[in-house]
Amino acid sequence: MSAAETNSNDEEYFESYADLEVHKLMLADSVRNEAYRSAICDNPDIFNGKTVLDVGTGTGFLAILCAKAGASKVYAVEASDMAELATINVHENEVVDKVQVVQSRVEDVELPEKVDIIVSEWMGFYLLHESMLDSVIFARDKFLKPEGFMYPYKCILYSAPSYSPELFKFWENISGIQMNTIGQLYRTKYTGKPEIMELDPKNILSEPVEVYQFNTKDVQLKELNNISKNVLSECIKNGHVNGISLWFDVFFHASNKPDILLSTAPVSSNTQLTHWKQTVIVLPAEKPVVKTEKVNYNLNISKNESNPRHYNIELSFLDSDESNTMDTKTAVDEKKEEFRKHHNADSDYDEYNSGSDD
């Protein structure tokens with residue numbers, strides 16, 4: 001990719017985060033907010049007197065939390081014009097003596113010192129969308145002290161077969177009129193891209209399987225270029241599979257107590273949902289399954305060559321009796337069924353944004 005194309009992708013990305021509606025969406029996520037507040041403010045012995053770098057500060061929410069938790073200095077880096085409002089928020093919350101807002105890409109920043117802690121809300125849909133983690137890794141390698149902390153530090157991506165009746169049942173009966181052919185056309189359209197939606201836990205048909213786990217303290221950029229996992233899921237109930245669903249958990253260090261968890265797993269209707277919801281790879285047809293039946297597939301997530309801020313998701317179903325430790329190349333090249341869809345996340349999320357602090 002040329003430098004001009006890279007700059008164009010970055011400009012479009014940063015411009016999207018100058019939109020207050022995007023930040024309102026994130027700031028309205030009380031699950032997200034409380035996880036970060038607890039991780040920072042309930043652990044003053046970790047933050048007290050420390051120097052912090054906030055990558056992608058957005059409105060300054062995390063930077064201000066760090067200052068209130070006792071950090072002596074917080075560098076709040078924001079590439080978009082939201083930096084101006086972050087500066088206003090810093091003054092409004094009376095932490096101007098501790099928080100310095102820097103409007104710049106973190107890749108272009110020079111700091112006068114190394115930092116003790118890096119905080120960032122970099123996670124996108126299916127954890128990796130928008131590739132903001134790349135910037136966090138850059139900041140880690142350049143600015144973090146060897147004994148420093150990353151917030152969050154542990155990240156896990158999960159997958160499970162699921163059923164989403166609301167996707168296509170609509171067409172079966174519209175005031176007594178059947179429109180199944182249109183429904184199939186609609187399904188065909190949506191099998192070309194992931195759907196961001198709220199899943200009912202009772203429609204998750206197996207226990208979640210870990211697709212990818214990493215620690216932000218030591219993960220390397222090259223590891224994020226291509227992630228491939230053979231998944232063997234055993235159904236825990238009878239039902240129909242019409243999608244493969246993805247969600248993630250991230251963990252924060254805590255003092256003398258268990259890690260603090262931020263989870264985007266499906267939740268019951270009386271529980272607060274995160275703005276990430278879940279990502280569903282829609283299948284071209286429903287597959288009936290019975291309890292204990294195995295659903296075996298390869299999931300390949302790779303950076304989009306034309307825009308590395310997005311990923312392509314490739315799903316290949318495998319023979320049901322194969323182990324999920326089988327060779328990936330064999331799984332993709334020799335054991336695939338007729339269905340093998342490339343889900344391009346480049347154009348799938350025009351109305352959604354995620355990955356700046358807020």
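Valine 295 is found in strand β13 (residues 294-303); strands are DSSP runs of E with at least two residues, helices are runs of H or I with at least four, and both are numbered from the N terminus. With a relative accessible area of 3%, valine 295 is buried, a class defined as under 20% relative accessible area, with exposed being over 50% and partly exposed in between (1.4 Å probe, protein chains only). Leaving aside neighbours within four places in sequence, valine 295 is in contact with Pro161, Val231, Leu232, Ser233, Cys235, Val289 and Phe317, where contact means heavy atoms within 4.5 Å. Serine 206 stands 89 residues from valine 295 in sequence, and the two C-alpha atoms are 9.0 Å apart in space.

The model is predicted: local features need pLDDT of at least 70, side-chain atom pairs count only at pLDDT 80 or more, and totals for chains, interfaces and linings use all residues. Residues are numbered from 1 along each chain as its sequence is written, and side-chain values use heavy atoms, with hydrogens and water left out.

The protein has nine helices and 15 strands. Of its 358 residues, 53% are buried. Among contacts with a separation of 6 or more, 78% join residues 24 or more positions apart.

Asparagine 242 belongs to strand β10 and counts as buried at 0% relative accessibility. Its side chain reaches the backbone nitrogen of serine 164 at 2.9 Å. Such a polar contact is a pair of N or O atoms within 3.5 Å; within protein, one must be able to donate a hydrogen and the other to accept it, and residues adjacent in sequence count only if both atoms are side-chain atoms. Beyond neighbours within four places in sequence, the contacts of asparagine 242 include Tyr163, Phe168, Arg187 and Glu286.

The structure holds 10 aromatic pairs. Rings of Phe, Tyr and Trp (its six-membered ring) pair if their centres lie within 6.5 Å; planes under 30 degrees apart count as stacked, over 60 as edge-to-face and the rest as tilted. Two of the pairs are tabulated below.

| Pair | Centre to centre | Angle between planes | Class |
|---|---|---|---|
| Tyrosine 151 and phenylalanine 252 | 6.0 Å | 45° | tilted |
| Tryptophan 171 and tyrosine 186 | 5.7 Å | 50° | tilted |

Tyrosine 151 lies in strand β5 (residues 144-151) and phenylalanine 252 in strand β10 (residues 239-252), so this pair ties together parts 101 residues apart in sequence. Both of these residues are buried. Tryptophan 171 counts as buried at 17% relative accessibility, whereas tyrosine 186 counts as partly exposed at 29%. Ring pairs also link Tyr36, Phe47, Tyr151 and Phe252 into a cluster.

Helix α3 (residues 30-41) has 12 residues and reaches 15 Å from its first C-alpha to its last, close to the 16 Å expected at 1.5 Å a residue; the expected span is 1.5 Å times one less than the number of residues. Its buried residues are Arg32, Asn33, Ala35, Tyr36, Ser38, Ala39 and Ile40. The cover over these residues includes α2 (20-27), α4 (44-47), α5 (61-68), β5, β10 and β11 (260-263).
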